[in-house]
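Please look over the sequence and the structure first.

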Amino acid sequence: MTSSLPERATDDEQQAEGGWFSFLRRNRRYLSAAGTLFVIALFGFAIFHLTSEVQYDEVVQALADTSWISVAAAVFFTALSFLALTFYDVSALDYVNRKLPYADVALTAASAYAVGNTAGFGALSGGAIRYRSYSRLGIEPENIARIIAFVTLAFGLGLLAVTCLSLLAVGEYVAPMTGMDPLVLRVIAAVILGGLFTVFFLARDGREVSIGRLTLRLPDSRTVSRQFLVTALDLAASATVLYVLLPAGTIGWPAFLAVYSLAVGVGVLSHVPAGLGVFETIIIATLGHNADVDTILGALVLYRVIYHVLPLVIAIAVVIGIELRQLSGHPVASSVRRIGGRMTPLLLATLGIVLAIMLVLSSVTPTPDENLAFLEGLLPLPIVEGAHFLASLLGLALVVVSRGLALRLDGAWWASIVIAIAALLLSLIKAIAVVEAGMLAFFLVGLIVSRRLFVRPASLFGQALTVPWLTALGVICLGALVVLLFVYRDVEYSHELWWQFEFSAEAPRGLRALLGVTIGASMLAIWSLMRPATGAAEPASDDAMERALSIVEAQDMSDANLVRMGDKSLLFSADGRAFIMYGQRARSWIALFDPVGPIDAWPELIWHFIEKARAAGCRAVFYQVSPLGLAYYADAGLRAFRLGELARVDLARFELKGGKWANLRQQVSRAQRDGLEFRVVAPENVPDVMPDLTAVSDAWLAHHNAKEKGFSLGAFDPEYLREQPVAILTCGGRTVAFANILVTATKEEGTVDLMRFSPDAPKGAMDFLFAQVMEYLKAEGYRTFNLGMAPLSGMSTRQIAPVWDRAGRTFFEHGERFYNFKGLRAFKSKFHPQWQPRYLVASGGINPILALMDATFLIGGGLKGVVKK
């Protein structure tokens, strides 16, 4: 007899592992945020101890002692670094075989890196800039994704290569700083370089390289060589920015390049925004024995300002200049004007976060003695105390409204104006902080000039802060705590500090400000994480249906007639000129097609829909959208995932003559010989033939063992069929097939929706029906015929294509047992259509997969309907 205990134990272990894996997958966003805060706290603790002998006044003095020549040199090398960074995008565009004017590329790349370097998470924050800009310039979403992947991978590999080369050259100088033997450092560097060289040698001329199950098409040797030189120039210039700010003789430049590259790499790997604290810790730990720590800290502060904040300010100044030229009608800069408006909200939002950090940190640092003495003789103590405390809370509020600025909310614009004005006044009252007031004034100018971009009438507090923004609040609070402990390390803590109100009692003032910020941030976090859903989708009223139908008749999209099914909810634009029809399934609000109505009404309506979905605790999804509106969805923070291709026939060129129509012409002739006759029944006469239509529909459903569908497909509903013409095929006087024809008053497009055939209909009846409908619409003056979408058609076949495309392509090629993907495209191809991509638009992560499942269930009427044909 064999014991089953080991097998049972193994099963239990697997279940436990699956449970842990499921837990980690469900909570990965929160765990990632907690990990980021832990890393910040860990490196903050390290910095606090590394600077144990340093006084705040010494750091301020080191900053004051920095020569203007060093500052000017740092600015020059910053410009050189950003010039090199623009060529990352130039190479990426060349890699995807696209060309754009350099002015457009340079503005996009510089703005993307200005945001990415400051906000962190460059692939996401800088990627958002690239998506908004390049989509405006006509680059396809899949190519934009490849551009973002190229620049991210190019920087990572280039950083690794430059670091290893530096270690080979100056390993003996870096080794004492790391505690490792120089030989070990050089061996590690040589092994990594050898691996990189081998991979790129094997992939020369654009060959594919397989690493396990992953297959990549790497750039050719020319692209790799050029990109390595670009990365080397970028790192050399950016390292020199900090190097010229350090005391002379601290370390040789080659050794410093290795240390700098290592610090940047660890900062990137830590996933801490901008490597904040991580980068500083490594620099101080490695150089602290070669120079005074206070001078290193001073250099690091200047480096952050010059290399991170200054490019952001310049980028905003450039787009403000573009706006001013546009207002004056000046013809200069017309090429970059197209994309300036797309990037301005993100740039201003990033600057808003920088100013928020500035307001919070200034509240926990002392005021210069001469400024404090001047204020003591001018203002009463309660006003100064109140200004100090309120300024810190305004910094917290500015973080919240910066998120709204990124989303172009009008409420965020007004709130930012009020906060900036109030903070500007308070910065002068609390400390006569001229630089701080100047930055806030610049922010105000940027907001005023770009007013036209913030037109979305959405509620600023209508939705909870997302986990990344809550993480940002946590990072700010932790950073303020570290700064407070560093500045007042010699002040012995006691409970009495909280109640000391004197002009000279700056530590108590900083403590109270930090407490206010922490409590405020905690309340925001609790409200965002714990608040319940506030609503659900509501069915359309009769009045709403009448308004929607009047809009449908006045626009070109024939599929918009699906609103007549009455199974979808409706959301109208503020001016009532456009609407979105949508359904709800589980936690997905799924909009069918683009908004229906004039395109100038789309942006506001898209955002309004997203806000309402999120307020209800659901994800916003757009199903079967066209490329026309992708930039608007990107502005709202959504991503496009290809669904397939829509077939559209130009009726002006449709005629059953010539060689390419021979097969279809033969099918039509055969159908006519078999006795098939075609006619169109006007809407008012449809009730007369309804019994025949019902008999055909019931026979079709029974023959296919199918259930009525919905949402993106019409169902057999007498009320629905009565509203549009119906095409009928008869054979021997008996109705054997029908299809309802969807049209609008503009006669731009026609299509068919519900098609049903009797099981005994002659072979080729479907081809005959489509051909006859097209000829009928052409005779009636319609310009195009919509054949509908071929799912999963047109997915990218490249090895570096996104996982979504590769999975879709696999289903298209091998999924015949589930759906006749290839057969459907082959049928539509008979009519020689023009193929246009269609997309599913949703937020990233696992959301698009869940959204597609919800859309499938919504169309099929639930799981039972999906498993039926």
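## Basis

This is a predicted model: local features need pLDDT of at least 70, side-chain atom pairs count only at pLDDT 80 or more, and totals for chains, interfaces and linings use all residues. Residues are numbered from 1 along each chain as its sequence is written, and side-chain values use heavy atoms, with hydrogens and water left out.

## Surface patches

Asp57, Glu58, Asp292, Asp369 and Glu370 form a negatively charged patch on the surface. Two or more of its residues come from each of helix H3 (56-65) and helix H14 (369-376). Helices here are DSSP runs of H or I with at least four residues, and strands are runs of E with at least two; both are numbered from the N terminus. Patch residues have over 30% relative accessible area and no salt bridge; like charges are joined within 9 Å, and nonpolar side chains (Val, Leu, Ile, Met, Phe, Trp, Tyr) within 5 Å. A salt bridge puts a side-chain nitrogen of Lys or Arg within 4 Å of a carboxyl oxygen of Asp or Glu. Areas follow the Shrake-Rupley method with a 1.4 Å probe. Asp and Glu count as negative, with the charge placed at CG of Asp or CD of Glu.

Aspartate 369 belongs to helix H14. Its relative accessible area is 63%, so aspartate 369 is exposed. The cut-offs are under 20% for buried and over 50% for exposed, with partly exposed in between (1.4 Å probe, protein chains only).

A nonpolar patch of about 270 Å² is built from Leu83, Phe87 and Tyr102. Tyrosine 102 sits in helix H5 (residues 102-119). This tyrosine 102 is partly exposed, at 37% relative accessibility.

## Buried sites

Glutamate 385 lies in helix H15 (residues 381-406). It is buried, at 9% relative accessibility. Beyond residues up to four places away in sequence, glutamate 385 touches Phe501, Glu502, Arg509 and Arg512. Contact means heavy atoms within 4.5 Å.

Leucine 754 is part of strand S11 (residues 749-757). At 3% relative accessibility, leucine 754 is buried. Outside four places in sequence, its contacts are Gly714, Ala715, Phe716, Leu721, Phe738, Ala739 and Asn740. Phenylalanine 738 is 16 residues from leucine 754 in sequence, and their C-alpha atoms are 8.0 Å apart.

## An enclosed helix

Why is helix H11 (residues 278-287) largely enclosed by the rest of the structure? Nine of its 10 residues are buried. They are Val278, Phe279, Glu280, Thr281, Ile282, Ile283, Ile284, Thr286 and Leu287.
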